[in-house]
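Hi,

Here is the structure I promised to pass on. Have a look at it first, and then read my notes below.

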Amino acid sequence: MNISTDLVTGAAAFLITVGIFSYAIGDNALFRTAAHLFVGVSAGYLASVAWWQVLWPDLLLPFLRAGIQERAALAVPLFGAALILMKSSPRLSRLGTPATAFLAGVSAAVVISGAITGTLMPQSMAAIRAFPLTSGSEGEGGRLAALFQVGLLLVGTISTLAYFHFGARTSVDGSSRRPAFIEAMAMVGSIFIATTLGVLFAGVLSAAVVALIDRIGFAISFLTGLPS
Amino acid sequence: MAQMACPVCGERNPDHHAYCRVCGSALHEKLPDAPSSVTEPAGPEPVIPQWLKDALAMSDQVSGEAKEMEGPGRQAGPVEQASASDRGRGEENLDWLRRLTQGAEPRAGDSVPPSPAEARGEGQAGEGSEAGRTETSSDQPTVLGKWLQRSRQTLPEDPASRSELGIEDASTVPDWIGDLRAKGVAAGTPESSSAEEWRRSEAGQAQGEANLGAPGPLGQDEELPEWLVRAMRGSEGTAPPPQSAQPGPASMEGLTAGKAGEVQESTRGFERDEAPQPARPLPTTTSTIEQGRVRREVRPPPPQTASEPAEDDSLPNIATGGLHSPEDAEHLFIDLPDWLSGSATASASSLDESSTTEPLEARPASLPSWLEGMRPDDAAELRTDLDLPTGGASGFSARETDPDRSSEDRLIDLEFLASLASGIEDRDNFPRPPQREAPAPPQRSPESPPATPVDAKVQRTEVPLLDQLLGESQTAAPLLRPRHPAAVRPLRWLIASALVVVTAGMLLNASQSPIVPAPASEPATQALDLLRSIADLSPLLIMAEYAPARAAELEMSATPLLQDLLARRHPRLALVSTSATGPLLAERLLEGAPAARGYQEGIDRVNLGYLPGGTLGISAFARGPLEAKPVDLTLQSSADAQPLENVTALSDFAALLLVTDSADLARAWIEQSTGLRGTAVLVVIASAQAAPLIQPYFQSGQIDGLVSGMQDGASLETRSSGTGSAKAYWNIYTLGMLLSAAVLMGAALWNVLRALQGRASGGAPGA
């Protein structure tokens, strides 16, 4: 009997899919087996990726093939990697602190600079550019629509920022409350935030429904394809 | 007239003078250092301290020459012994002390040296000196040496003669003085080979006796121990008490100078009558009893009278290095620099000032401006916050006994006192610092920074709140358990079964849905148009940044666009991902596009594989793709791959196709590639859950197109007339979303009805 590879992999995928779906009736051994299998395979796959796609081609192979100067240059990251490995030992963990600190510092610098030049400034300028009502306002209805859109953008932006304003004053009874106008704007901002979260949840639900359709379609296709 | 030279100063004196008129030294014979008196009764051998044993041992080892030179000195203490040793004179003979302590007669064969008392008694008797005096305990004659007995025999018996000689009658001496004298013998008389010192001590004796003659009133010391009573009596005197210690050697004087107050305190009650000195008027300590507690008050010394010597010899000062004459001091500092001499003088003056302990309400210390400025405020704040009385410890005592005070207030006071006590180590052993006046006005200078007082009361009220917040943050919130789990489980099964049955039924039916997808959104349409505009065979970079769980949605969204692009422009593809599973998912994505099935690895497409480093890796790849990924997934050089021909930077790609389900990864790619993309088109194919967060980047023009979710995929598939699963699944997707919305709405409605029912019944909402 000749068993094809597609049949084996398809059967494994089908069983694992059914095992995951079995969580609908509660936690059971089939679901746990599928979950543990996924975790184990993922860990092994990540280790192989780290070796075959990072350490060996980017560090060790050049170190072996390169000349003295290149080796000297590669010795620095190799030494840094060795120091980071010290983090696994409580006694030697302090040795890995400098390399870790270097990575953290560089990462923070890259992220912050990227956020400023790639998000903060462009988004602020985009919000400012949306306010001239001349563009796209054709006719009275167009102007009103543009005015409504810009006004909604303005109110949404300010009220959302006000929601995250945590400056408060101590009242007579000792409780800390924000100023009244900030409180009112924050209440409006909470509506925008709730709407955004609702949209995100709808996206999650949409993605889940698509995944459900894909998995059920796979199962049906596997079962219907068995005779063939 | 015959004259005699002073053996000490060399001054010529008339022959009939017994003492030098200049220095007061004895002219006819070398007077002994100090008289000795015995008060300790004979008894068992006392326990001799180690230092005394050592001294005795050293004395035994003295050579015969030293024995001949040994005088009648006696050892009074380690300090004196050390001083004598420092001088190196070897004049001590401790045998007499040993005999005294043993209560035995001198050893046979030992020559009885002329005792100081004997010599002095004879001399005084002969010369009528006013200072010679020997106080002995008449009831303990056996312990006296022969020389002492002889000295007593030489003393006149009649009171008149004794008074003429300056010797007090035992009957006229109060008992307490007798006790003091008796005790003072225990401290010993410092040995002094200098006749001048001895003479000086004798000169101050008379005044000391006068001071001791009038004990102060004592009314509250009945319950105190005897030694304390004597000490209090000595301190109660209005006149300055006699200096207990005879001017000793330099080392002793130095110690005395440094611890003047302590010596005064510690030796009170052990003063000897042999060597009273015209002491510097030291502050007196008055001890009174209040509510069972001994309260001590330090009084400033009375002003010196004109009759008192201006220069106090009894209290040596550091400026003179413990020397007794200004000449010695000049000789000592003749080789010292000016600054050192000046500092020594200054320290001497300051020491003199400090030795006179100031009263509690004294002038404030000289402090820096900033510290001076914040002192009063601190005190005022503390006193205000804690509602402290201004009466110091007595005020605390009164507050503690107040029955109306709460335990919390008492706790505040106790903690305040504890904080003060903890900040001062062994307060009794330290000189009392200058006290500042409590009601002193703020002395903050304009330049001093504002004080930052500790608002203890506010902190005390906020600490519980902070503790509560921390406790709440560290306490895991209990999981909300459904009230009717038996009813929830069937409901869950019902919803799951409905979704599966409807989806499976729609898939098994395989009928084309009459539902037509809505037109593609503007970002999706713009993305399609831009990708169609790229040049043929231009390099295209695909970043697969999504998880396997989102593969179905993203493949449905990206396949129509990718299929249209590959079919029209046949671009050279390069795949990369910062996710470990990304390279494989990218391969799977290409397999879903029929147009990509003719692509050959290394010729039409190259998979660069996993890009490590997260944001750092993205930044590095944006600045140099080939440097960041020098080899592809097959370990071949990326620079040699045909798809990456003429590609050295990110801007060399014709288009960048980002497929992601994470808004963070999309933002990272957008941020790090800003300014580095050049004219390359950036299109993002995002999951429906991440699209709302990526939408602003499209509106700001940072990305050129956005395809979100299955809806845009089905719309692009319909527009491009391509093949794919998006349109086939669109019916099921629509029905599944409708069913999900219905379930959500039904659950919401159910909860609202239950809440209304709960309110109507008056119970808790939802009960």
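**Aromatic pairs**

Across all chains of this predicted model, a search of the whole structure turns up seven aromatic pairs. One of them joins Tyr23(A) and Phe31(A): the ring centres are 4.6 Å apart and the planes meet at 40°, so this pair is tilted. Both partners are partly exposed, Tyr23(A) with a relative accessible area of 43% and Phe31(A) with 21%. Then there is Tyr163(A) with Phe164(A), where the centres are 5.2 Å apart and the planes stand at 85°, so that pair is edge-to-face. Tyr163(A) is partly exposed too, at 33%. Ring pairs also tie Phe14(A), Phe218(A) and Phe222(A) together in a cluster.

**Salt bridges**

Over all chains there are eleven salt bridges. In chain A, Arg32(A) and Asp27(A) form one of them, with N to O at 3.2 Å. Arg32(A) is partly exposed at 46% relative accessibility, and Asp27(A) is partly exposed at 46% as well.

Over in chain B, have a look at helix 22, where Asp564(B) and Arg568(B) sit four residues apart, about one turn of the helix. Their closest N and O atoms are 2.9 Å apart, in a salt bridge. Are these two buried or exposed? Asp564(B) counts as buried, at 7% relative accessibility, because the cut-off for buried is under 20%. Arg568(B), at 45%, is partly exposed.

Another bridge in chain B pairs Arg605(B) with Glu587(B), at 2.6 Å from N to O. This one links distant parts of the chain, with Arg605(B) in strand 7 and Glu587(B) in helix 23, 18 residues apart. Arg605(B) and Glu587(B) are both buried. Salt bridges with shared partners also join Arg532(B), Asp564(B) and Arg568(B) into one network.

**Where the chains meet**

How many residues of chain B are in contact with chain A? The count is 50, and they touch 44 residues of chain A. Between them the two chains bury about 3700 Å², 71% of it on carbon and sulfur atoms. Leu616(B), Leu635(B) and Glu671(B) supply 14% of the area that chain B buries against chain A, more than any other three residues.

On the side of chain B that touches chain A, helix 20 gives the largest share, nine residues. By type, the residues on that side are 31 nonpolar, 13 polar and six charged.

Cheers

How values were computed. Residues are numbered from 1 along each chain as its sequence is written. Chains are lettered from A and ligands numbered from 1 in the order in which they are written. This is a predicted model: local features need pLDDT of at least 70, side-chain atom pairs count only at pLDDT 80 or more; totals for chains, interfaces and linings use all residues. Side-chain values use heavy atoms; hydrogens and water are left out. Contact means heavy atoms within 4.5 Å. Buried area is the accessible area (1.4 Å probe) that two parts lose on being put together, summed over both. Helices (H or I, at least four residues) and strands (E, at least two) are DSSP runs, numbered from the N terminus. Ala, Val, Leu, Ile, Met, Phe, Trp, Tyr, Cys and Pro count as nonpolar, Asp, Glu, Lys and Arg as charged, and the others, Gly among them, as polar. Rings of Phe, Tyr and Trp (its six-membered ring) pair if their centres lie within 6.5 Å; planes under 30 degrees apart count as stacked, over 60 as edge-to-face and the rest as tilted. Buried means under 20% relative accessible area, exposed over 50%, partly exposed in between (1.4 Å probe, protein chains only). A salt bridge is a side-chain nitrogen of Lys or Arg within 4 Å of a carboxyl oxygen of Asp or Glu.
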